[in-house]
Amino acid sequence: MQVSISEQMEKGNRDYTNGEITVEWRPAKCVHATTCYRELIEVFNPRKRPWVNMKGASTDEIIKVVDKCPTQALRWYWNDEKKREEYEKQKVQQSRPELANEPIDEKPVKVTIMKDGPILLQGKFRIIGADGNELKTLSMTSLCRCGHSSTNPFCDGTHRRHGFRDDL
Amino acid sequence: MSAEFTIIKNGPVKITGKFVLTGSDGKHLSVEGEEVHLCRCGGSKNKPFCDGSHQSNGFKG
C-alpha cells in the first residue's frame, strides 16, 4: 500500500486493525457521504473515540462497507502480505474492462441525495459560486443541504450536530 | 463538462446539463438533462427540491 508523503504528513490520519485487515482513515478526503456509519454503526461511529471499532463486525462486513466509501477516505488492506498481493492483482484485473468505457465527458454527473445529509456529486462538473465565480472543477464533492455548514456551499459534516432530517 | 452547479446566493443550487439525480432512498428522481433547483437552506417542505423557504427563514450562504 503506497502512501504519498503529503498524505503521511496530513494530520488526523489513522490506521485501525483487527489483526486480519487494516483500515486506513484519511479525513482530508472525506466528503461526509455518511455511507460508513449508516451501514455499519457498530464499527464506524463518529460519536465515539476512537470512532472506528474494528471489533464491531466481521472482517467481511467491514470490507463491504469500506469498499463503498466514495472518496477512499476509508481504505483497507490485508495484513498478510501474500493475501494482499493476491487481492491487489485481482482488483487490477477486475477494474480494467471498465476503463475502456465511453469518454468521461459523455457520462452524466451522478447527483446523489444522502439521507439526512449532503448532496454528493460524482463525475466531471463545474461549481459556480454565489458571486458568479467558478469555485472548483472537481470529480467529487458534497454540497450542504442543512444550511449550517461553515464551509458553504460545501458540506462540513455539521448536519449531524443539527439533527438535519429529510422528512422534517 | 457534463453538468454545471450554480450556487444561488442565499438560495438553492441550480443544476443544469447532463446528470442523474438519485434520492436518499436510492430511487431515480429526474431524467437526464432536466434543470433542477435543490434546497441548500434545510427548510424546504419538498426536499430535496427548493420550495422558496429560504426567503422566509433568512438563509445566508
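Arg126(A) counts as partly exposed, at 30% relative accessibility (partly exposed lies between buried, under 20% relative accessible area, and exposed, over 50%, with a 1.4 Å probe and protein chains only). This is a predicted model, in which local features need pLDDT of at least 70 and side-chain atom pairs count only at pLDDT 80 or more, while totals for chains, interfaces and linings use all residues. Residues are numbered from 1 along each chain as its sequence is written, chains are lettered from A in the order in which they are written, and side-chain values use heavy atoms, with hydrogens and water left out.

Let's stay with Arg126(A) for a moment. Its side chain meets that of Glu4(B) in a salt bridge, 2.4 Å from N to O (a salt bridge is a side-chain nitrogen of Lys or Arg within 4 Å of a carboxyl oxygen of Asp or Glu). Across the interface of chain B and chain A, the rule finds one salt bridge. Within chain A, Arg126(A) also forms a salt bridge with Glu134(A), where the closest N and O atoms are 3.7 Å apart. Glu134(A) is partly exposed, with a relative accessible area of 36%.

Arg126(A) stands opposite Glu4(B) in β1(B), and strand β5 (residues 119–128) of chain A pairs with β1(B) in the parallel sense over four bridges. Strands here are DSSP runs of E with at least two residues, helices are runs of H or I with at least four, and both are numbered from the N terminus; two strands pair if DSSP finds at least two bridges between them.

Now step back to the whole interface. The contact (heavy atoms within 4.5 Å) takes 33 residues from chain A and 30 residues from chain B. Together the two chains bury about 2500 Å², 60% of it on carbon and sulfur atoms; this buried area is the accessible area (1.4 Å probe) that two parts lose on being put together, summed over both. Between the chains, 16 residue pairs are in polar contact, both residues being at pLDDT 80 or more. Such a contact is a pair of N or O atoms within 3.5 Å; within protein, one must be able to donate a hydrogen and the other to accept it, and residues adjacent in sequence count only if both atoms are side-chain atoms. On the side of chain B that touches chain A, β1 (3–7), β2 (13–17) and β3 (19–22) of chain B each give two or more residues, and β1(B) gives the most, with five residues.

In β3(A), Arg75(A) is the bridge partner of Glu24(A). Both belong to a network of salt bridges that links Asp15(A), Glu24(A), Arg26(A) and Arg75(A).

Finally, Lys83(A) forms a salt bridge with Glu20(A), with the closest N and O atoms 3.9 Å apart. Lys83(A) lies in helix α4 (residues 81–99) of chain A and Glu20(A) in the loop between β1 and β2 of chain A, so the pair ties together parts that are 63 residues apart in sequence.
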